[in-house]
Amino acid sequence: MKLSARKISGWMMTVALCGAVAFGQQKQEQKSTVTVLPPTPNTPQQPAAQPAPQQQPGQPAQPGQPAQPGQPAQPAQPSQAAQPGQPAQPGAAAVPPGCPAQTPKQIKDQAEYNSYANAAGQANPATKAQAFEQFLLQYPNTVVKDDALEALMGAYQQAGDATKMQDAANRLIQVNPNAVRALALMAYTKRAAVEANPNAPTVQQDSQQAFQLGQKGLTALQCFVKPAGTPDTEFETQKKQMAAIFNGAAGRGALNLKDFANAQKYFVEAVTIDPNNLNDVYGAALAYLTPQPINPLGLWYAARSVALGKGNPQLDKYGHYKYQKFHGADPADDHWKDLVAEAASQTAPPAGFNVTPAPTPAQQAAKLAQTKDPKTMDFADLETVFGNAEPAVSQQVLTAIKGQPVPAFAAVVMAATPTQLSVAATQDAIEQKRADVIVNMVAPIPAKLLPKVGSQTGLTGSVDSFTVGQAAPNDPNGMKPVVITLTEGKLVRTAPEPAPKKAPARHTTRRK
């Protein structure tokens, strides 16, 4: 069962985002990359000799005296213009190798300058946002359009208007595709959207955008210039926060697009940056454990997510199931809890991490048939036997339970008619969105009670027969899909469990 970001650690992503995107608001005393000057009556207009440091998101251009934290910047006076040949300000960082040079900007129209300075000087975030909107409306082709949009984004963020903050970020990206903070904001937003509602009609489009925004952000981050006066450690922290956001967004987008190689790459990088980010650790587990055959490295990430989640039952159920699926379900050889305990004190998989694979499906089926009473087998057990044991053994098990009522079970509806329900009754079938049990009802279901496709319902019935399909082409030695048919089907108002157990396929890893 996959957990949404809201259930795992949406709040942690929000903290990281705010720490990165709001960095500019916390550093308003720093200077801008923009030299915003009115015309100087007695001096020919010349560009400033040196670019000032990179502007932070949400921080308006500050051409003159640096503002105190939380206070608006004061506009520069004409006499403060940098003269040709003037050395760079102390603390200004050089542009990283291979990145475009920072070109100084200068507003030459007095009225335009006054309008910008007025917007930048507003203390109230809502008033500041309104003033910058007016500035951009009046001067749509201003040389400082990207700076004004970044200040607008920051003002909306301070005002708590998430919708308009995102709109400003989108507009900024259109003007400056390498606006790092705007990219971080939109990457986070797209990731949150696909995790909050994975069944939305736009999920594929949003996933593609999350993937692309993450990649673009990582590229733009390489040319991110340290603002003057910012301590190196503080700047590196900010870059790491945004790198984690970009890697996480790219990983989630790739995972939803079933690009598992890129999902693994970006999630692992995100976890390397922040080993305690539960959302990214769990994402790495999904990236390794969703494709078939599963990669046992994902078991470490699953165990780590359980440790970070303080034993969250859903995380533990998912990880333990995958462990048993890969390693085997023998209770005497189950070291899942040991793996969780070890991962709790680790920040990355140990060198040479490995888990012993489970017996083959045929071996599992034979042992199950020999050691377990058919009348106590659940659907996962029955599908293991029916799909992988010798035909004579499968028929022997079927004969022992045919016509016998099965205990009430929970399942997800794949197709529904008044007389027949096709449902997913094991975790494998639920994940693969396929029916593994067909229930022929004892009487037609009234229209008002007919379960909807995709909903969960409770059922009971009697085993009648089964059919066996082919193993997946990419996992020819894996479990074969089985469909079990029940007769005398009845709806059960309350199902015993919200998420049925999966059929044991190749069991998860173990370390010894």
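User: Let's start with the sheet. In which order do the strands of the closed barrel run?

Analyst: As a general idea, strands of a sheet pair through backbone hydrogen bonds, either parallel or antiparallel. Here 5 strands form a closed barrel in the order β1-β2-β3-β5-β4, with mixed pairing. Neighbouring strands of this sheet are turned against each other by 55° on average, direction ignored. Strands (E, at least two residues) and helices (H or I, at least four) are DSSP runs numbered from the N terminus, and two strands pair if DSSP finds at least two bridges between them. Axes are lines fitted to C-alpha atoms, for helices over the stretch in contact, and angles run from 0 to 180 degrees between N-to-C directions.

User: Before we go on, what kind of model is this?

Analyst: This is a predicted model: local features need pLDDT of at least 70 and side-chain atom pairs count only at pLDDT 80 or more, while totals for chains, interfaces and linings use all residues. Residues are numbered from 1 along each chain as its sequence is written, and side-chain values use heavy atoms, with hydrogens and water left out.

User: Thanks! How many bridges join β3 to β5?

Analyst: Strand β3 (residues 437–441) and β5 run parallel and are joined by 4 bridges. Within β5, leucine 486 stands opposite valine 439.

User: Which strands does helix α17 touch?

Analyst: Contact means heavy atoms within 4.5 Å. By that rule, helix α17 (residues 379–388) packs on the sheet and touches β1 (405–417), β3, β4 (456–468) and β5. The direction of α17 makes about 150° with that of β5.

User: What is the phi of glutamate 488?

Analyst: Glutamate 488 lies in strand β5 (residues 482–492), and its phi is near 60°, a positive value in a residue other than glycine. Lysine 310 also belongs under this heading: its phi is near 55°, again positive in a residue other than glycine. Lysine 310 is found in the loop between α13 and α14 (313–327).

User: Is lysine 310 buried or exposed?

Analyst: Buried means under 20% relative accessible area, exposed over 50%, and partly exposed in between (1.4 Å probe, protein chains only). Lysine 310 has a relative accessible area of 76%, so it is exposed. Glutamate 488, at 47%, counts as partly exposed.

User: How should I read a helix such as α6? What length does it reach?

Analyst: The expected span of a helix is 1.5 Å times one less than its number of residues. Helix α6 (residues 145–159) has 15 residues and reaches 21 Å from its first C-alpha to its last, close to the 21 Å expected. Because 11 of its 15 residues are buried, α6 is largely enclosed by the rest of the structure. The buried residues include Leu149, Leu152, Met153 and Tyr156. After α6 comes glycine 160, with a positive phi near 80°.

User: And which residues does alanine 249 contact?

Analyst: Alanine 249 is found in helix α10 (residues 232–256) and, at 0% relative accessibility, counts as buried. Leaving aside neighbours within four places in sequence, alanine 249 is in contact with Ala187, Arg191, Ala210 and Phe211.

User: Where is the cis peptide bond?

Analyst: The bond from glutamine 292 to proline 293 is cis, with omega near -10°. Proline 293 sits in the loop between α12 (278–289) and α13 (297–308).

User: Finally, how many helices and strands does the protein have?

Analyst: There are 19 helices and 5 strands. Of the 512 residues, 49% count as buried.
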